[in-house]
Amino acid sequence: MVTDFIRAVIDGVLSGSVYALMAAGLTLIFGVMEVINVAQGILVILGAYLSYVLSVHLGIDLFAGLIITIPVMFILGVGIQWGLMSRLGEREKVSMSILVTYAVAIILEGALDLIFGPSYQQLTAWYVNQSMHVLGFYLPYIYVFGFLLAVVLLGALYFILYRTEFGRSLRAAQQNRTAARLIGIDVNRVSAITFGIGVAVTAAGGMVFGATTSFNANSSADLISRLLTIIILGGMGSIGGAMGASVLMLVVEALVSTFWSPTWATLVFYAVLVVVLAVRPAGLFGQKAVRAQ
Amino acid sequence: MAILSAKAKPFSKGKAAVVVSAIAVIAVFPLIFTNPAVTEIAIFALMFMATSEAWNGFAGWSGYFSLGHAAFFGVGAYTFAIIANDYKLPAGSGLFLLMPVAGVVAMVAAVLVGLVALRTKRHTFVVITIGVFFIFQLLGYNLSITAGASGLQVPTPYNWNAATFNNPFYYAAAILLGFTVGLYWIIRRSAFGLQLLSIRDDEERAKGLGVPVWRVKLSAFVISAFPVGMAGALFAFLIGQIYPNTVFNPLFDLSWALMTLVGGIGTIAGPLLGGVVLESIQQYLNLYLSNADIYLIVYGVVFLAVMFWMPRGVVPTVGDALRRRRGARSASLVSAESGGAGTAPGAGSGASLAVVAQEGGK
């Protein structure tokens with residue numbers, strides 16, 4: 001009983017860290033641009049397929065492949081911001097951004113399904129199939145490595161945001177776009193790079209997701225719903241909140257799955273969202289209103 | 001736009017002619033085109049015209065975009081299947097009477113959803129409706145009453161004449177469409193409709209002017225679930241076998257949003273135009289390409305093209321162009337209209353508020 005409990009908590013924390021990475025990108029994009037990127041789910045799947053192609057067809061290791069896939073996803077993100085999002089009008093921007101990125105998502109979903117077919121894939125490597133033995137628990141290496149990768153990348157994100165000139169511009173744009181523009185910050189450039197970073201994390205997230213779960217193009221619907229739930233619970237635009245909510249939700253899901261039933265675990269995910277929002281419309285960790293509309 | 005978002009335009013002779021001829025075409029269509037493949041496409045087109053109209057009647061007029069209305073479609077479909085099976089109802093045209101029942105059950109579901117979801121801001125609302133939708137789909141998969149992934153069989157009227165088998169479904173869909181358009185035509189001309197538009201234009205100011213914002217939003221949300229639930233029941237009857245992922249289908253919401261945006265959000269005719277064109281194309285592609293991927297890509301590209309090049313949709317854009325050519329309006333008004341041609345919802349704010357201040361909010 002106690003062992004099961006600890007086991008579920010460890011599972012939740014390890015997989016929660018990867019969700020934290022994917023959700024951080026999503027909430028970062030919202031914080032700076034007030035854009036809800038509904039395509040984040042399919043971009044994670046795209047990241048997973050990129051790793052799949054590199055490892056199966058070119059024999060490149062999953063983690064080494066990130067050196068290629070992260071820049072590719074970064075450029076794709078900059079492209080989406082530059083080509084589509086920057087051309088949106090200011091009126092009803094959030095709702096329009098949801099529709100535009102939804103369109104991007106179904107185009108990508110159709111294309112991925114066309115190329116790779118509907119059959120489920122899973123990424124393989126030695127560390128996917130083997131486990132390490134710690135204090136009586138068997139932990140698959142991929143979960144541990146994925147956790148470390150997420151910590152490193154979230155650390156890098158923190159460094160960029162709080163210790164660099166660009167990070168200062170980004171946070172200024174997040175607080176007040178107009179004022180940031182007035183003091184000479186190139187908000188369009190900041191937006192493009194932010195979108196790039198927000199999407200680049202999906203390369204890493206997608207790789208770990210693809211190695212721990214079997215996926216096809218349709219997996220994105222479930223994934224994006226979870227990520228959106230997480231960033232709402234965390235308070236939209238708050239990176240710390242997204243990280244906290246990711247770990248919390250994945251732990252809750254693992255506990256429900258262990259002690260009740262895996263079929264209902266996913267339902268609990270959304271039920272928590274509904275209950276929390278009924279009580280606190282700003283989310284669990286939301287400051288009064290991180291960018292209230 | 002200013003005029004559009006305030007009082008509805010008077011019903012001109014030209015419009016009446018269009019409406020009468022549309023009714024005539026719909027009435028005789030299955031008598032001329034007897035090929036079952038064609039009538040099936042037509043049934044889906046009518047069904048999606050009606051449901052897009054209902055989606056627009058909430059989302060387009062309140063400014064709250066729902067991506068969870070497919071939950072009500074599924075509730076309607078399951079209500080139909082469960083009642084028909086449990087009471088062993090004979091498979092015949094009497095089953096069409098279950099459609100309003102399914103609609104009412106969908107409305108009850110909408111009350112529960114709306115009580116939570118409508119408490120949030122617009123963008124959170126969109127996301128919450130996605131979450132709520134997945135809750136319903138999961139319930140469909142996991143409850144014993146829905147028989148999970150194996151789905152439910154619906155009684156099929158085998159004794160109907162094969163040649164005209166589709167016709168009862170077709171006319172049921174046509175009546176559903178007529179009812180829905182009539183309903184929203186009346187709402188658009190009522191104080192309630194104006195209050196709804198004033199919420200879209202500026203919710204805080206509407207509240208300040210005495211519009212019972214919460215009650216209006218919730219009522220509009222619940223009303224829009226009625227035609228959608230009925231369409232779900234019709235769908236179940238037509239298809240004969242329902243599964244959680246075919247009736248709780250996330251693509252439905254996307255379709256309704258797309259059809260509405262393409263045709264012209266916030267107009268009566270827009271969702272009808274978008275529905276008939278896009279659903280026919282989709283069913284045609286399904287039938288002859290049997291490739292869902294191509295249509296996903298086509299859908300996405302059309303969606304993007306419309307949002308960037310014709311953000312107000314076909315009906316308002318073309319309507320303005322026609323009016324401009326006829327020169328029926330003063331030049332200043334025309335330029336004011338094209339000036340306000342930002343993204344569709346919320347454009348032309350204030351006009352409906354002014355009207356509400358006069359007569360709507362009591």
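Let's start where two helices of chain A meet. A:Ile142, A:Tyr143, A:Gly146, A:Leu149 and A:Leu153 of H6(A) touch A:Val201, A:Ala204, A:Val208, A:Ala211 and A:Thr212 of H9(A). Contact here is a matter of C-beta atoms, placed from the backbone, lying within 7 Å of each other.

A word on the model. It is predicted, so local features need pLDDT of at least 70, side-chain atom pairs count only at pLDDT 80 or more, and totals for chains, interfaces and linings use all residues. Residues are numbered from 1 along each chain as its sequence is written, while chains are lettered from A and ligands numbered from 1 in the order in which they are written.

Back to our pair. H6(A) covers residues 141-163 and H9(A) covers residues 187-212. They pack at an angle of about 170°, with axes 10 Å apart. The axes are lines fitted to C-alpha atoms, for helices over the stretch in contact, and angles run from 0 to 180 degrees between N-to-C directions. That angle makes H6(A) roughly antiparallel to H9(A). The cut-offs: under 35 degrees is roughly parallel, over 145 roughly antiparallel, 65 to 115 roughly perpendicular, and the rest oblique. By class, this contact has eight nonpolar, two polar and no charged residues. Nonpolar means Ala, Val, Leu, Ile, Met, Phe, Trp, Tyr, Cys and Pro; charged means Asp, Glu, Lys and Arg; the others, Gly among them, are polar.

Now two loops in chain A. A:Gly136 sits between strand S1 (131-134) and strand S2 (137-140). Is A:Gly136 buried or exposed? It counts as exposed, because it has 8 C-beta neighbours inside 10 Å. The scale: 20 or more other C-beta atoms within 10 Å is buried, 12 or fewer is exposed, and in between is partly exposed, with C-beta atoms placed from the backbone. From A:Gly136 to A:Ile106 is 30 residues in sequence, and 44 Å in space, C-alpha to C-alpha.

The other loop runs between helix H1 (2-33) and helix H2 (40-57) of chain A, and A:Glu34 lies in it. Phi of A:Glu34 is near 55°, a positive value in a residue other than glycine. A:Glu34 has 19 C-beta neighbours inside 10 Å, so it counts as partly exposed.

Next, where the chains meet. How many residues of chain A are in contact with chain B? The count is 39 residues of chain A, against 36 residues of chain B. On the chain A side, helix H4 (93-116), helix H10 (219-233) and helix H12 (262-279) each give two or more residues. H4(A) gives the most, with 16 residues. This side has 26 nonpolar, eight polar and five charged residues.

On to chain B. It has 17 helices and two strands. Of its 362 residues, 50% are buried. Take contacts in chain B between residues at least 6 apart in sequence: 83% join residues at least 24 apart.

Look at helix H3 (residues 36-62) and helix H7 (residues 167-188) of chain B. They pack at about 20°, axes 9 Å apart. That makes H3(B) roughly parallel to H7(B). Among the residues making the contact are B:Ile43, B:Leu46 and B:Met47 of H3(B), and B:Ala173 of H7(B). The whole contact divides into 16 nonpolar, three polar and one charged.

B:Ala173 comes up again. Not counting residues up to four places away in sequence, it touches B:Ile43, B:Leu46, B:Met47 and B:Leu234. In the largest nonpolar core, which has 208 residues, B:Ala106, B:Ala173 and B:Leu234 touch the most other members. Such a core is a set of buried Ala, Val, Leu, Ile, Met, Phe, Trp, Tyr and Cys residues joined through C-beta atoms within 7 Å.

Beyond four places in sequence, B:Phe48 touches B:Ser255, B:Met259, B:Gly275 and B:Glu279. B:Thr51 is in the helix too. It counts as buried, with 33 C-beta neighbours inside 10 Å. Leaving aside neighbours within four places in sequence, B:Thr51 is in contact with B:Pro227, B:Val228, B:Ala231 and B:Trp256.

Last stop: B:Lys88, in the loop between helix H4 (70-86) and helix H5 (98-117) of chain B. It is exposed, with 7 other C-beta atoms within 10 Å.

Notes
Helices (H or I, at least four residues) and strands (E, at least two) are DSSP runs, numbered from the N terminus.
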